[in-house]
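Trainee: Could we go through this one together? I'd like to start with the strands.
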Amino acid sequence: MLIGLMRRLLSEHRAAVWALIVLQMLQTAGNLLLPTLNASIIDDGILLGRQDVILRLGGWMAAISVVQVAAALGAGYLGAGVAMKIGHRLRRDLFAKVQEMSSQEVSAFGAPSLVTRATNDVQQIQTFAVLVFTMLAAAPVMGIGGIILAVQQDAALSVVVIAIVPLLVLIMTVIVRRLIPLYRQGQALIDGVTRILREQIIGASVIRAFVRQGHEAARFAEANRQLTGNNLQSALLVAGMLPMIMIVVNLSSVAVVWFGGHLIQAGSMQVGALTAFIAYILQILLAIMMAMYVFMTAPRAAVCAERVQGVLDVVPAVAGMETAEGEAPAAGSAAGTPSAGAPAAGAPGATVEFRDVVFAYPGAETPVLGGISFTARAGSTTAIIGSTGSGKSTLLNLLPRFLDAVGGEISLDGRDIRTFGLDDLRGRMAVVPQQAYLFSGTVAGNLRMAAPAATDEDLWQALRRSQADDFVRRLPNGLNAAVGQGGAGLSGGQRQRLCIARAILRKAQVFLFDDSYSALDYATEASVRQALVPVLETATVIVVAERIASIMDADQILVLNDGRLEAQGTHAHLLRTSRTYREIAESQLAMNGLP
Ligand SMILES: Nc1ncnc2c1ncn2[C@@H]1O[C@H](COP(=O)(O)OP(=O)(O)OP(=O)(O)O)[C@@H](O)[C@H]1O
């Protein structure tokens, strides 16, 4: 997985990678040459008293060192650059993929895990790439070159090398095999800590309200303890490796000096040759240590690559982000792009038709919606009412294809919604979601999500209609007032009114309101509904509501019960024909004496 991912990512940086390899080769060639030159200086220069040889070879050594430094600098610069670009590309791809995913696909991974994958996991892969660029190409050349040159210096003494290399490889294999499962578990534990932290930050007031701080602190402490334990285990293994290697290295150096000393005494080896031999032995060991370090980092990077690739491999159930080719936006609408102009007074609607629609959440045994058929015409308002969990939001989410129906057909002006490009389809709609979500930034920034080219006057007009102008005017900086993440700093009703203003800024054909007035008092709700009449006059409006008073005037009301469309008709018709509707109405309206 890691190799495949790296190969794919590096294919874009072929020239830089080749340049890196050449620079590393230059560096390594220098490393391999220097001990031989040093040996010649000792044996042919110092021992024979030849100053010209010392100066000539010394000059070569200095020149090689300069080239080595330049190559090291170039390789470091290029390696870091390519690694950073790989990280950038991975984060960009992950972000784009998450944007395409449906809410089910996101929840299958979990938001905290997706955040960890896009940050920590990418960072691990990036770190591994830097290591590979600095070490992996150099290590085999240095190791093999070192062995050849050591054997050339003294074949008999090279037996030491043959003895230590398998020992080092054995140590490395044992440790790496224990590290892989630890790293895999570690990444999952990071997900766990992030999840608990996120829950505790978002739900801080609930935790305080139910005096659960102690319990939550214990939950976090346990997750933290497990992560620390896991990190300690892997750190101990990595830390234990270095002394083991040093013992092997030092023992082999002692053996070389011991045998080399005897060879010099016997006159079969020169002092310079022994110095070079020791230098080559150290280079071989250094090469093995470099490779080991890469192989030790590889398991964690491999686990991270697996997790990142897992996200990148998701084929979104709702496919087709782009506008379908050759498709013209609908006349009179700004479909396909967020509408650029003034609020949507008079945007022409489109006929929405559901024919025997069925929907089941992935993995669920029974469908949450079945046999849903109705038609919502342009210029009309369709309301959906039903008990909690009856499938109202799910039904609404099918239209912009946040979810895809598993049976039946949904059409817009007679055309199956699956034949539209996703951007085009969603560009024809404006949604006020059940959770009034705002983004960190300013009030104006949030509103212009729906209409980037809207003027301040357009924004104020939309705010007036959603009864939000008064409170925005009172905010420090008005339209440019800061909004916290999710709408922090604003009340639920204020957020809801800003979301309504945002939606009506769009010249949409279809407006979807998912319980969008729930945080407003009756008087404000009535004023907002009244003010929206000119905007929504010709559009197709579908409203989910809990309160009968909000939907009594709708052209048709759909009564959902346990995912089935139990009845449909006007308020008066349903009062006569639907028991469920009558019960809801009686429970809400009887006390007010309404019809
Ligand atoms: N992501 C999901 N995965 C599985 N089941 C889900 C998911 N989201 C909702 N459900 C289930 O689908 C059913 C319908 O949910 P939905 O949110 O559409 O109901 P609703 O009528 O809008 O409820 P409410 O009025 O409380 O918002 C519920 O039983 C719910 O448990």
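Trainee: Which strand does S3 join, and how do the two run?

Mentor: Strand S3 (residues 381-386) is joined to S11 by five bridges, and the two run parallel; strands are DSSP runs of E, at least two residues long, and helices are runs of H or I, at least four, both numbered from the N terminus, while two strands pair if DSSP finds at least two bridges between them. This is a predicted model, in which local features need pLDDT of at least 70 and side-chain atom pairs count only at pLDDT 80 or more, whereas totals for chains, interfaces and linings use all residues. Residues are numbered from 1 along each chain as its sequence is written.

Trainee: And what stands opposite Ala383?

Mentor: Ile557 in S11 stands opposite Ala383.

Trainee: How does S11 run with S12?

Mentor: S11 and strand S12 (residues 564-569) run antiparallel, joined by five bridges, and Leu560 stands opposite Leu565 in S12. The two strands form a hairpin with two residues between them, where Asp562 in the turn has a positive phi of about 55 degrees.

Trainee: Switching to the ligand, which helix gives the most to the shell around it?

Mentor: Helix H11 (residues 392-398) does, with three residues.
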